[in-house]
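Subject: Structure handover

Hello,

Here is the structure for you to look over. My notes on what turned up follow below it.

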Number of protein chains: 2
Amino acid sequence: MKSELSALERLFYPRGVVVIGSASKGKLGYELLRQMCDGGYGALEGQRLFVVNPKAEGALGARGYSAVAAIDEPIDLAVVASPPSTVPSVLEDCGKAGVAAAAIITAGFSEIGNDEAEDRVAEAAKASGVRFVGPNCAGIVNTGHHLYPSLETRPPAGRAAVVAQSGAIGGMVLAWAKQYGLGISKFVSYGNAADLNEIDLLRYLTDDAETDVVALYIESVADGRRFMDALHACTRRKPVVVIKAGRTTAGQRATLSHTGSMAGADRVYDAALKQCGALRVGSVEELFDACKAFLSVPSGIGGRIAIVTNSGGPGVLAADRGEEVGLNVAQPSPVIQERLSAFLPGHCAVENPIDLTVEGTGEWYRDVLVAVLAEYDAAVAINVSTPYLDSLELARGVCDAADQVADSPAKALVAAFLPEEIVADSVTYLENRGVPNFATGERAVAALSFVARHKPREPALDDHSKALTPPAHGGEDGSPWPGRVDGVGPLTDRLEGLSALPVSPETNAILEPRAMAWLDVNGFPVPPFRFAESNEEAVRSCQELGYPVVMKIVSPDILHKSDEGGVILNVSDDATARSAFQKLERIGAGRAFRGVVVYPLIDGAQEVLLGLSRDPQFGPVVAFGLGGIYTEIWQDVTLRVAPIDRGEAAEMIREINSFPLLEGVRGEPRRDLDALAETLSQFSQLPFRYPRIREIDLNPVFLFKEGDGLLVGDVRVILEHNLKERHR
Amino acid sequence: MKSELSALERLFYPRGVVVIGSASKGKLGYELLRQMCDGGYGALEGQRLFVVNPKAEGALGARGYSAVAAIDEPIDLAVVASPPSTVPSVLEDCGKAGVAAAAIITAGFSEIGNDEAEDRVAEAAKASGVRFVGPNCAGIVNTGHHLYPSLETRPPAGRAAVVAQSGAIGGMVLAWAKQYGLGISKFVSYGNAADLNEIDLLRYLTDDAETDVVALYIESVADGRRFMDALHACTRRKPVVVIKAGRTTAGQRATLSHTGSMAGADRVYDAALKQCGALRVGSVEELFDACKAFLSVPSGIGGRIAIVTNSGGPGVLAADRGEEVGLNVAQPSPVIQERLSAFLPGHCAVENPIDLTVEGTGEWYRDVLVAVLAEYDAAVAINVSTPYLDSLELARGVCDAADQVADSPAKALVAAFLPEEIVADSVTYLENRGVPNFATGERAVAALSFVARHKPREPALDDHSKALTPPAHGGEDGSPWPGRVDGVGPLTDRLEGLSALPVSPETNAILEPRAMAWLDVNGFPVPPFRFAESNEEAVRSCQELGYPVVMKIVSPDILHKSDEGGVILNVSDDATARSAFQKLERIGAGRAFRGVVVYPLIDGAQEVLLGLSRDPQFGPVVAFGLGGIYTEIWQDVTLRVAPIDRGEAAEMIREINSFPLLEGVRGEPRRDLDALAETLSQFSQLPFRYPRIREIDLNPVFLFKEGDGLLVGDVRVILEHNLKERHR
């Protein structure tokens, strides 16, 4: 069985290609041959094209055979367009002939519920040693090798690779690539991904010297963690721009019916993409513009942009968009303003946008752009033309400026010449001289922001897939959950009476005092607490902790204690403690009342929430927010695929909308954000040490002022259901 | 002097047109003549074209004269392209010849700081009885009259009017109109608006029988209230889609330098446009798509949409967008699913999107679209094609479906056939048969949402410009502010000692007890309160109100009482009252300490904020939010141009993000929203009764549970500074 990478090498750089399918005019096989021929396959040394079909019919100069094995020249790639039922035997035939790779265009497999047929294809390929993309794919393209076994538009050659789960989306990008000028290195529509998938393709493109940016359209991924590893490895070498479709309920349902697999929570994908340093965009237009910008704008440019225009309105719209996407559309310094005023007429605005007015000449564009790029990171040259004006002279000025600043590192110059029908010649001129043109000033500005925002990310903590393996040190020891708690010295007194407490049979939740003790031995800051089964014991516990205290019910049947009146705040003396216990006893009557847990009353802290859950595609996910109404009403929560290091935790903390509350507003102190980041990072590692945990909520966590740390106020731990069966 | 409307009638439907400017090839005057001729002016009866220049040179069949007055045929419209200095005398010449209207293309006036020259143009026009658009404008178009005195692209005829402050933006729309198919009725770029402006044009288009939708691009308006009246009158007849540029700081600076006028706060524009029932969009693409949708989709359609596609990915993206823009992308009912399954193969998804797969035929499109439109309000037919597929047959199916549902009221069918280079013929076919095509599925869906969201609005309370006049009943009586308070019976005891309290000389603020008393006589719910100048008086006041109370400092020098420790909450007995007074006295020492004001302590209420301020362009603006961190951190405040009625107030209350807190969450009661809406509406009328008020903040207002009303907790009233001078 060939490795993915060597198979992909032969997929993209085949010496011989065979199309499997009818060579009669109008048939799929014929169209593929035609695309191959029109694209110039055969021009390079060793490039031979054949076709195989029952009639051994050839076409367009490709000789016909009735079997691949009958061809007596080396074949690397089979392009399969024969009926679905024939595909397994075709692959066997290919295997015999030493074919390394196949692109299976043929549809009619799992996408229409025909999973068995797809399994047969996969088995035949495996047995024959053939690796493949598809089935149900729109083919592949390698412009550098003149390889076009695809029905989509043949794009111009260049340095952007397009990998699309949807052939139609890939086709849109290729068609626009031709129409609006984006050079493509490689294209793959991987269809049902019965063998090679987005992970293999990303790994291949990471090292592909002909690709400088990768555009990826996905609806779901096969293995979240491995996908993250491949993606992250790729983004450390080159930018990856991603559309993850299925953002909404309707979109997810569509994805499900389209790909047959559930897409997972969109917010988790969002976190995963961010963690891997990929740029997520929302539309095919943005995907397209981002690729164009990454190919033409120096990476690592700053966000200070100048807008140079010859008409006011378009400049205003671009300035608006620039500020909205987080760029700095600041005014030029007095030095630059003076330099501009020295040669521009008085009626030209030398603020930002710099408006040359309709009188703007090519020379003005050139001199203004060169001047502003002395202090701005990037400039956008806008020209909204009318049919009677000559744009070519303006384009020349823009290109001359680009030449003059070509040696300055980290400076970008892009254009927005429009409307396209009127300025077509100028756009071609701009692109030929290396100045990318965008459809509008707003899109040019947004494209610059993609590059300015993009920073390769160092891996957080560890490879994402390795993190799934519990580390050799620590972890569970095989004893009933939470194994490591029982018998730990300083906790012994607190754990008295707890050994008989089961998890809730309904909810699979660990009772609070036991979960709290477990957090303690795992190094999390918990307040002193007491578990009490009787009223006298409860009063004694209150006295030991010192009034005022909080008393909470302990019952496996009552998960949402507050909602049921099971939390009594501000218990201030023995008498109220006694009546509080009685009240909780009444609430718990007939519902497995086990006792109460008592904590000191904590005041003056900011409450926050830390959560852990498992995503079906990405595994453990950690959440952070302020809890309460901030979470329930404003959904002001941020996620990461766990585990995360302190730096990533600090980033999570900063990115919630409520962050100003933690920094200190309206006389409140700044909170202990260092301690919070440390705890959040530690917390994110728990599911790897305790794989039987399904869900943990620390809510609230009391966060004190800087230097004073934090304390877990409440904890809810839910175990996996199948493990419950095992341990009961 | 002609009225705007009759002058505009002659501007758009001139019997004779004279171009003023050089008729030499390549000159502006010549280009305008060429556009007029190419556009077919002269074809209708009475249409005569002339040109005036010093040499009396004619061109392109238009006879040349040296003066307008020398032309012995009736002339309605002069198109002026002569040098700036000649324009006043040209207008005088026009006046003598009985020309009613002019379009002044010539630039070089206020847009380059040459205000004086522009004044001379306006004066000459006034003296001569000529009304004009411009100067510095890109001309006008009336497709129905074959009138094209403009340098922009000649668009196809149709029923959308474009009014643009920026000629370049207008030109973009016209170029796209030609390229992507949007029929234009009239176009005006009104440039510097030295005479006719956006208000006049909106008024004219309101009654224009040839216009069904108006697209408006503005950067600033001359008179906010009159603009609102004109806009509101227009939206009650036909949709108006608006780009208001200058949303951000950078954009506003650009606007300022572009139009020479400050744009006003963007959020106030946002409120004003909403109040007038206009649809605000963010980009020229959206402006274009919205016009297209309004012309082809029945107004008042609902938001339930079906997506029919022949490829998965584009369907998913459209479904995502649909849900994001608030449409309902629900699954079909079982009845419809069954009907579809009866003729579609099993592998077609009959959910929503309905994916016909690449096998989808024209008949399938037709039958599926007809079936789903039985229960959906609208359907989008998506076809992402490849070069080798025939889209025309699919387009035919879509159009046949459109014909079949043509008689059903309030059903819409739109298409997204792409990529445009591949499906150009199909798009032409679709548009010719009346099915609008959009650039992508996402844009089609967004366009539908514009129509579904759009509802003509009844006027709120009154005409906006009339509201500026204080009503005959009530209002100020000429006595020193706040005139009507002094001597009012039930307040007399509270006002003791107040007569000597001045407004703050620094801040121009009214002292709190006086402002509170004024609110009381104006019918606002204020709690009982006492003003006390001495410690004994303060203790007595506390006793009268009953402990616990709140005590606040009264000093014209201290505006932000809380920040300076000037508010003492929870004063619980005589002893704490005494020390509270002493503390406040110390804080006020040397800073015009006048005494304290005492209120009962109010607990358990939700705090909200009501604000009033004056916008330079729209006048009084009312604000509503929750105050505190909600306002400071999340800017969760909503605005309206005042005054507003109860319905509009209720809408404001509902639209803040924090609204769930008022409805009752987490065990909190629903608040008295009726009382709040009533108070907010009353509040919004105050600036009209008391024109000397610059600003009022009621913050906090205590809002109680449903039926229990509200109480003003604190008030700050700031007067206009010039009035301060008058009254001191």
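**The sheet in chain A**

In chain A, strand E11 (residues 240-244) runs parallel to E12(A), and 2 bridges join them. Strands pair here if DSSP finds at least two bridges between them. Helices (H or I, at least four residues) and strands (E, at least two) are DSSP runs, numbered from the N terminus. Within this pair, Val242(A) stands opposite Arg280(A) in E12(A). Helix H1 (residues 4-12) of chain A packs on the sheet and touches E7 and E9 of chain A. The direction of H1 makes about 75° with that of E7(A). Axes are lines fitted to C-alpha atoms, for helices over the stretch in contact; angles run from 0 to 180 degrees between N-to-C directions. Contact means heavy atoms within 4.5 Å.

The sheet itself is open, with 6 strands in the order E7-E9-E8-E10-E11-E12 (chain A) and mixed pairing.

Before going on, the ground rules. This is a predicted model: local features need pLDDT of at least 70, side-chain atom pairs count only at pLDDT 80 or more, and totals for chains, interfaces and linings use all residues. Residues are numbered from 1 along each chain as its sequence is written, chains are lettered from A and ligands numbered from 1 in the order in which they are written, and side-chain values use heavy atoms, with hydrogens and water left out.

**The sheet in chain B**

Chain B has an open sheet of 6 strands, order E7-E9-E8-E10-E11-E12, again with mixed pairing. Strand E8 (residues 157-164) and strand E10 (residues 213-218) of chain B pair in the parallel sense over 5 bridges. There, Val162(B) has Ala215(B) in E10(B) as its bridge partner. Helix H5 (residues 167-180) of chain B packs on this sheet, touching E8, E9 (184-189) and E10 of chain B. Its direction makes about 160° with that of E9(B).

**The interface**

Arg253(A), Leu317(A) and Tyr388(A) supply 10% of the area that chain A buries against chain B, more than any other three residues.

Between chain A and chain B there are 2 salt bridges. A salt bridge is a side-chain nitrogen of Lys or Arg within 4 Å of a carboxyl oxygen of Asp or Glu. One salt bridge joins Arg247(B) and Glu324(A) (2.4 Å, N to O).

**Salt bridges overall**

Over all chains, the whole structure has 76 salt bridges. One of them links Lys186(A) and Asp208(A) (2.9 Å, N to O). These two are 22 residues apart: Lys186(A) sits in strand E9 (residues 184-189), Asp208(A) in the loop between helix H6 (198-206) and strand E10 (213-218) of chain A.

**Backbone points to check**

Most residues other than glycine have a negative phi, and most peptide bonds are trans. The bond joining Ala642(A) and Pro643(A) is cis, with omega about -5°. The peptide bond from Ala642(B) to Pro643(B) is cis, with omega near 0°. Ala410(B) has a positive phi, near 55°. Ala410(B) lies in the loop between helix H14 (392-405) and strand E16 (412-418) of chain B.

Best wishes

Definitions and conventions: Buried area = accessible area lost by both parts, 1.4 Å probe.
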